[in-house]
Amino acid sequence: MGKILILEDEDSIRSFVVVNLKRQGYDITEAVTGDEALALLKQDDSFDIALLDVMVPGIDGFEVCRRVREFNERIGIIFLTAKVQEQDKVMGLSLGADDHIGKPFSPGELMARIGSLLRRVRRQPAGGEDSGTLRSGPFEIHPEKVELRKNGERIDLTPTEFALIQRLIEKEGSPLSRNDLLDEIWGIQYIGDPKIVDVNIRRLRQKVEEDPSAPKFIETVWGFGYRWQGRDTST
């Protein structure tokens, strides 16, 4: 099913998560401190997903995420946060997390979020047009390699960023609403904060735009969503 690391220092929450994930056949590794989690993720690059609590002994979950993204863009990262900590949600996504789940959460919500992210992490060629290279302006996207290049240079993307930019490029010139992107990338039953789309767009702009504050490729369609424009129309 997948290999998951869970960083959670509260025994009751960690046991709840571990039991439910093991029932679904996931291979689980547990960590109770940020330093322990980071060491495990450095030693073993076969983890598909890391579930990170924020407030843990040692370095916190935010710092674990930040450091992991320095050497591993492929792994999926989900933060476990208290619902009242809105700033934690935005901070985690800004550092490279793919999703966040507010505490308390149900087993069903947990499984749905993990399942959706695992599909992004373990993308396989789907055949037909999905397996071919997409070209747009200076960009090439290779779905079979889960790879984006700009002017021949590879750009490292998280699983969610890749899925998002692939969808935008596939629909080049056509506006996509935030709700459409939520349904297509995070799943039709996603019940989290729709701001997750905006935060991921902001991260993508940091990686693909020359000037993220004046984007030329990922355009904002005010009051609606976003549109990909591969050709520079400013000249």
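1. A residue is called buried under 20% relative accessible area, exposed over 50% and partly exposed in between, with a 1.4 Å probe and protein chains only. Arg-69 has a relative accessible area of 8%, so Arg-69 counts as buried. The model is predicted: local features need pLDDT of at least 70, side-chain atom pairs count only at pLDDT 80 or more, and totals for chains, interfaces and linings use all residues. Residues are numbered from 1 along each chain as its sequence is written, and side-chain values use heavy atoms, with hydrogens and water left out.

2. Arg-69 belongs to helix α3, residues 61-71. Helices (H or I, at least four residues) and strands (E, at least two) are DSSP runs numbered from the N terminus. Contact means heavy atoms within 4.5 Å. Setting aside neighbours within four places in sequence, the contacts of Arg-69 include Arg-74, Leu-95, Asp-98, Thr-158 and Pro-159. Leu-157 is 88 residues from Arg-69 in sequence, and their C-alpha atoms are 9.6 Å apart.

3. Which strand does Gln-229 follow? Gln-229 is in the segment after β12, which spans 225-228. Gln-229 has a relative accessible area of 18% and is therefore buried. Beyond four places in sequence, Gln-229 touches Glu-172, Lys-216, Phe-217 and Glu-219.

4. Two strands pair if DSSP finds at least two bridges between them. β11 (residues 218-221) and β12 are joined by four bridges in the antiparallel sense. Trp-228 of β12 is the bridge partner of Ile-218. Three residues separate the two strands of this hairpin, and Gly-223 in the turn has a positive phi of about 75°.

5. How many helices and strands does the chain have? There are eight helices and 12 strands. Of the 235 residues, 50% are buried. Where contacts join residues at least 6 apart in sequence, 59% of them link residues at least 24 apart.

6. The radius of gyration is taken over C-alpha atoms, and the globule rule is 2.2 Å times the number of residues to the power 0.38. The chain has 18 Å, which agrees with the value near 18 Å for a compact globule of 235 residues. Along the principal axes, the C-alpha atoms fill a box of roughly 60 × 35 × 30 Å.

7. Accessible areas come from the Shrake-Rupley method with a 1.4 Å probe; for residues, only the protein chains shown count as cover. The chain exposes about 11000 Å², with 48% supplied by carbon and sulfur atoms.
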